[in-house]
Amino acid sequence: MSSCPKCGAKIREEMNFCPKCGASLKAQVAAPPPPPAAPETPPTPPPVRIEKEEKREKEEKGEKREKEEKEERREKREYAFIGPLVGGVIPILLGFGLYLLLTTTISWEVIGAIVFVIIGIMIIVGAVYAAVTAARRHPPT
């Protein structure tokens, strides 16, 4: 039996590594002594770092997509008042027209024309409001 050149443990001749310290036994004979230790350099980052970066990029993309969806939902809610507004104004105009019809000598044709003109004005005002709001939110570059 011989001994390990590194730690002195007893080893058999057919062993490739020392059972105590794990030193290579065959390479010790064939390989020249190691060069003197160089100043320590920081170890290279493990491949896990790349996976972390990819995961972070995926999360950022997901956050951007969520932000865009949230913005779309907010815009839909912002203009959601136009439909109920028009739906509420129509019965008011019809009621006002019927009141005028009963109390004065205005005909149905005049009341119908007034109702349609007011509804048209409301639609135009809503479209202008939407355009101005969009221009403020997304100014031209």
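Q: How many helices and strands does the chain have?
A: The chain has four helices and two strands, where helices (H or I, at least four residues) and strands (E, at least two) are DSSP runs numbered from the N terminus. This is a predicted model, in which local features need pLDDT of at least 70, side-chain atom pairs count only at pLDDT 80 or more, and totals for chains, interfaces and linings use all residues. Residues are numbered from 1 along each chain as its sequence is written, and side-chain values use heavy atoms, with hydrogens and water left out.

Q: In what order do the elements run from the N terminus?
A: The order is β-β-α-α-α-α.

Q: Which residues form the largest nonpolar core?
A: Seven residues form it: Val-86, Val-89, Leu-93, Ile-111, Val-115, Ile-119 and Met-122. A nonpolar core is a set of buried (under 20% relative accessible area, 1.4 Å probe, protein chains only) Ala, Val, Leu, Ile, Met, Phe, Trp, Tyr and Cys residues joined through side-chain atoms within 4.5 Å.

Q: Which helix gives the most to this core?
A: Helix 4 does, with four residues. Helix 3 (82-103) and helix 4 (108-137) each supply at least two.

Q: And what is Ile-119 in contact with, leaving aside its neighbours within four places in sequence?
A: Ile-119 is in contact (heavy atoms within 4.5 Å) with Ile-90 and Leu-93.

Q: Which residues does the second core include?
A: That separate core has six residues, among them Ala-9, Ile-11, Cys-18 and Leu-25.

Q: Changing topic, what share of the chain counts as buried?
A: Of its 141 residues, 13% count as buried.

Conventions
Buried means under 20% relative accessible area, exposed over 50%, partly exposed in between (1.4 Å probe, protein chains only).
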